[in-house]
Amino acid sequence: MNRHIKDSLDRPLRDLRISLIDRCNFRCQYCMPAEIFHDNFQFLPKSELLSYMEIVRLSKLFASLGVKKLRLTGGEPLLRRDLTTLISNLVKIEGIEDIGLTTNGVFLKKHAVNLKEAG
């Protein structure tokens, strides 16, 4: 039985993008246009963000369906507390070969060593 997930063109889906947070420290036009993200915009309450346990569980399920690469995004994912805890659990998932992080880089100097150590 082929348990790999495929797109509408029958290509295997190997990448999974996971948004960790909807907030960002910038207001770039690209991902946070002012007409949508105005001064009174209501971001998700913390209770509605996926927990790290939920992210790991979903990642394991998708890995079992053939996903090999995880891309952690946001908003700005480095605003999420204890990100290294999540990464250290994601690198242990059988089948995951690559974990990427999409960031604006502002907080990277502060977190780079710990992120590398986490995997």
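Two strands are taken to pair if DSSP finds at least two bridges between them. The structure is a predicted model, in which local features need pLDDT of at least 70, side-chain atom pairs count only at pLDDT 80 or more, and totals for chains, interfaces and linings use all residues. Residues are numbered from 1 along each chain as its sequence is written, and side-chain values use heavy atoms, with hydrogens and water left out.

Helices (H or I, at least four residues) and strands (E, at least two) are DSSP runs, numbered from the N terminus. Strand E1 (residues 15–19) pairs with strand E2 (residues 69–73) in the parallel sense, over five bridges. Strand E2 also pairs in the parallel sense with strand E3 (residues 98–101), over four bridges. Leu 72 of E2 stands opposite Ile 18, and its bridge partner in E3 is Leu 101.

Helix H1 (residues 52–64) forms a right-handed β-α-β unit with E1 and E2; a crossover is right-handed if, with the strands pointing away from the viewer, the path from the first strand over the helix to the second runs clockwise. Helix H2 (residues 83–90) likewise makes a right-handed β-α-β unit with E2 and E3.

The axes of H1 and H2 (lines fitted to C-alpha atoms over the stretch in contact, with angles from 0 to 180 degrees between N-to-C directions) come within 10 Å and cross at roughly 25°. The two helices are therefore roughly parallel to each other, a term applied to angles under 35 degrees. The contact (heavy atoms within 4.5 Å) involves Tyr 52, Ile 55, Val 56 and Ser 59 of H1 and Leu 83, Leu 86, Asn 89 and Leu 90 of H2.

Notes
Parallel < 35°, antiparallel > 145°, perpendicular 65-115°, else oblique.
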